[in-house]
Amino acid sequence: MVDQPTPLERFVQGILPENPVYRQLLGLCPTLAVTNGMKAAVTMSCAVAFVLLCANVITSLIRNLLKPHLRIVIFTLTIATFVTIADRFLAAYMYQMSKTLGPYIPLIIVNCIIICRCEVCASKQSVLTAASDALGQSIGFALALSSIAAVREILGTGMFFGWRVLPISWPDWVIMVLPPGAFLTFGILLGTVNWIGSYRSEKSGNR
Amino acid sequence: MAENIKKIKTAPVIHVAPSPHLSSMALTTRRMMIDVVIALIPVVLTALYVFRWYAAKQLFICIASCFAAEMIFMKMRSKAFSLNDYSATVTAIILALSLPGTAPWYVGVIASFVAIGIGKVIFGGVGMNIFNPAMVGRAFVMIAFASAMAASGYEDSASAVDAITQATPMDAFKQTGITTSLSALFWGPTNGSLGETSAFACIIGGLYLCMRRTASWEIPTGVIASVVVFAGIANLVNPQSQWTVLHHLLGGSLLFGAFFIATDPVSSPLTPKGKFIFGIGIGAFIMLLRLFSGYPEGVMFAVLLMNALTPLINRWTVPRALGEQ
């Protein structure tokens, strides 16, 4: 068996080198749908972080009991359990936010980031590695979501977390809070991240 | 690797290239773009006459910001910056003429940057864009600044320019059922986007473009034919309507769009048959949007929608090679 990455490597890789959104292009449905405001984006990131951490830990604990042909079913059931907890929690304590996020919290069940991490890391490595992997990926996801949401909220409403950061005379770019704004912002930020990546590798002489 | 390439480049080679081996030196991007600028002169003059300094201001803003955008984005792509092919000029003028004169300054600036950046450079520059750049810019500001670009944004009752104080003909009819006389629609002393008001100026410029073969005549013909057919059907269904086929033809930005926007050679199909289908599609979408959508006018969205279908039309209309069954 090839050497598996250590917990620290897993943690660091999730944040930028293997960022789930900008590098692996996973979980784009919530990325595009809930990033029209910082509050929604942060809540979404927290929900995903909770589900990802719990699912990774449980999957890692039962990894020796998994039958290969049934593993996806087990992953999905594990994830669904925690998504239900997160969904009911939001509905109970943050009702307004739960309304805003709508179907996107239940949809975490089919979020490919989590299934991907269970498959790639948690079903093969120890609990500690799986947990640090989950943390790294969650931070990466949160970074991606909040970077897109920051651009969209500031340009679209002149506000950040609901606080006014641009003068009141700022003409709101309504398109940025609408779906086209999500695609444009995401595309441009993705291009920027790729450009920085290629610029770096050129500089270090990898090309 | 680099050394190998150098070797190949310096080695003596027999020049082998795919056809065409002869090309007309006169048929360059630059010549076509200059043709478009010449054809736009009557439209620009009418706009300056009707809207006075509103038109001058909007033209200046768009041209200056398109040049700035071109410079910045070409530098980012580390390509040589040049305005020599006049494509940025054409985009700027068409964009300015498609905006309302009353639009605030930032509308023109943002539309220009979106047109050049997202409409053109991101796809690889001149000749690579799939959508008409000017219309991408206009669509962006249309959705972003809905209040400045909606029909009510065209009016300013305090303005010193007569045309600006009225509602646009399309909106006046859509909201209150008031028809504008055909002669006003033809000569252009009405409110509207800067370049669209005078059907006469658009026809003069458009005929020049078609005669110079810079624009393919199939596209405007297709647009006008399908608008005539669909407007005719609409009139037969609803015979008491005051807005006749001729109103549909001369009003709004139909002729401006048909002659100057739809004929963009980059984002329209390649074959004559394809161009005809493209034109008919635009006309059909325009009538669909005019009759059934909340917007009084639909030329911009019609052109963008058909731009998206251009690759498909190209695939349908591949010409049969000589002797092929």
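Helices (H or I, at least four residues) and strands (E, at least two) are DSSP runs, numbered from the N terminus. The views below come from a predicted model, in which local features need pLDDT of at least 70, side-chain atom pairs count only at pLDDT 80 or more, and totals for chains, interfaces and linings use all residues. Residues are numbered from 1 along each chain as its sequence is written, while chains are lettered from A and ligands numbered from 1 in the order in which they are written.

**View 1. Chain B has 16 helices and zero strands.** With a radius of gyration (taken over C-alpha atoms) of 21 Å, close to the 20 Å from the globule rule (2.2 Å times the number of residues to the power 0.38) for 325 residues, chain B is as compact as a globular protein of that length. Its C-alpha atoms fill a box of roughly 75 × 50 × 30 Å along the principal axes.

**View 2. Here α12 (residues 218-237) of chain B meets α14 (residues 254-261) of chain B.** Their axes (lines fitted to C-alpha atoms over the stretch in contact) come within 8 Å and cross at roughly 155 degrees, on a scale from 0 to 180 degrees between N-to-C directions. That makes the two helices roughly antiparallel (over 145 degrees). Look for P220(B), V223(B), I224(B) and V227(B) in α12(B), which meet L254(B), A258(B) and F259(B) in α14(B).

**View 3. Seven residues of chain A are in contact (C-beta atoms, placed from the backbone, within 7 Å) with seven residues of chain B.** On the chain A side, α8 (174-177) and α9 (179-203) each supply at least two residues.

Technical notes. Contact = placed C-beta atoms within 7 Å. Parallel < 35°, antiparallel > 145°, perpendicular 65-115°, else oblique.
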